[in-house]
Amino acid sequence: MNKNRRLCLVLGDQLSFDLASLTELDSQRDVVLLVEVREEARHVPHHPKKIVLIFSAMRHFARALQQQGICVHYVSFDDPLNTGSVPGELVRLQSQLQFEEVHLTECGDWRLEQSLKKCGLAIQWHTDTRFLCSRDEFSSWAKDKKQLRMEFFYREMRRKSGLLMNTNGSPVGGSWNFDTDNRKALPKSAVAPYPARFSADAITQDVIALVRDQFANHYGSVDVFDYPVTHADAQSLWGYFLDFGLAAFGDYQDAMACNEPFLFHARISAALNIGLLNVRQLCSDVESAYLTGRIKLNAAEGFIRQLIGWREYVHGVYWLKMPDYAGGNVFGNSRPLPEFYWTGKTQMNCMRQAIGQSLEYAYAHHIQRLMVTGNFALLAGIVPDELCEWYLAIYMDAFDWVELPNTLGMVMHADGGYLGSKPYCASGQYINRMSDYCRSCVYKVRESTTDDACPFNALYWHFIMRHSEILRGNHRMGMTYKNLDRLPESKRQALWLRGQMLLAKLDAGESL
């Protein structure tokens, strides 16, 4: 056997040719290992489309490496020798071939990384350079801060990257953040671009057949799969967004509309999170589109902020605070996730729209997740861990490092305000302002206490009242509590009773 043979394990969300653990690969002596395993596919009931995406992208990536002359050992899900876990497969191959070195890039899941560190092998770990900010850099930035704020971290990332920066160190346009320009409701005349679609080749069709056979009990449809699974197709999806979506993205990134699951969104987060796209290239392309006059500054800044601001920020928070972070439940929530989150069977049109498209496409954009499905769970007092599992399972782009801080911290405020300074709670009026959902709903968004009143309205005030001790001292909640205090006692009582009735229906297993 050749000396110094290296075994490089590549995980299903690490499908980048420039992955740190692959940069010094010797095609004559080294082997790359990719595995499809039961433990990762089933530790939550992942959407069938998500499983198809990852398995098919892994198989395409393996083939691309082989075409480069690299030796790849690939373990398929239905391989009779498959041990069912990533550490099990790593140990099995190492025991067979006795490599002198085992290399691995940092994981995106604390649970998996811990299991690999405990597998008994001496692993040489590599920093995941696909992120602009390493774990150590983020830890240094966060040191001695009682609370973190994404806005200040984002400014550091702008300075570090040079994106949308003047030569004197000031931000282009004179402001760091143009979020106030990115909250327009969708006008009736707006026409969203037809979504780019990609046909399933033989590899993907084989994976679809496997998923239908092995994961038939998972929620979600796999009848149509048209998402990119190769680097080339992911680039095509990105190019399509640059040409047809980005110009309107800034204005309407928070907008929602019936039967319009994508609007002007890029839909590239899943491809980015598994390694088919490079964040530096995406940001450079967006900056170039602004500098050449193709898009407005608020579109460029808003998109870049999502990538080098929020995305890098939650990645840093996750690795800084795990594993204790996962247990956050500052409000003491105890209500289980309603069954209609898994079926979409509810009379609330906004929830039906957001959940229905999530089950069909394994996708919803950030406002649908934060201010519809997430907002309802917050107001209803759902156990944070159950909502986190739902988000991790149902969305194609959800991996633990990005899902957990977003859901537990931003959506549920269960970390007590460490990640975000206030709960993102709202009544039905916000949904009405940012969408057309309320126009075709059986509930009346302008009513709060009647039998046909929008459930979000009473639940919002019920949430504000029942958590007054925790939230009243929050400076960003001051106006909310002033408005509550202005309400007549009879109105507050009616809102409380309506909220109690709605929560009782949830406790009885009823749909709203």
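Leu 263 sits in the loop between helix H9 (246–252) and helix H10 (269–274). This is a predicted model. Leu 263 is not a glycine, yet its phi is positive, at about 45 degrees. Is Leu 263 buried or exposed? It counts as buried, because its relative accessibility is 4% and the cut-off for buried is under 20%.

Arg 267 is found in the loop between H9 and H10 as well. Its phi is near 60 degrees, again a positive value in a residue other than glycine. Arg 267 is buried, with a relative accessible area of 11%.

How many cavities of 30 Å³ or more does a search of the whole structure find? It finds three. The table sets out two of them.

| Cavity | Space | Lining | Classes in the lining |
|---|---|---|---|
| Largest | about 400 Å³ | 25 residues | 15 nonpolar, four polar, six charged |

In the largest cavity, Gly 12, Asp 13, Glu 40, Ile 54 and Phe 399 lie nearest the centre. Helix H1 (38–42) and helix H2 (48–67) each supply at least two lining residues. H2 gives the largest share, five residues.

One more backbone feature lies in another loop. The peptide bond from Met 322 to Pro 323 is cis, with omega near 5 degrees. Pro 323 is in the loop between helix H12 (297–321) and helix H13 (340–343).

How values were computed: Residues numbered from 1 in each chain as written. Predicted model: local features only at pLDDT ≥ 70, side-chain atom pairs only at ≥ 80, totals over all residues. Heavy atoms only, no water. 1 Å grid on protein atoms, 1.4 Å probe; cavity = no way out; pocket = protein on both sides within 12 Å on 5 of 7 lines; lining within 4 Å. Points joined across faces, edges and corners; volume = space filled by probe spheres on them. Helix = DSSP H or I, 4+ residues; strand = E, 2+ residues; numbered from the N terminus. Nonpolar A, V, L, I, M, F, W, Y, C, P; charged D, E, K, R; others polar. Buried < 20%, exposed > 50% of the residue type's maximum accessible area, 1.4 Å probe, protein only.
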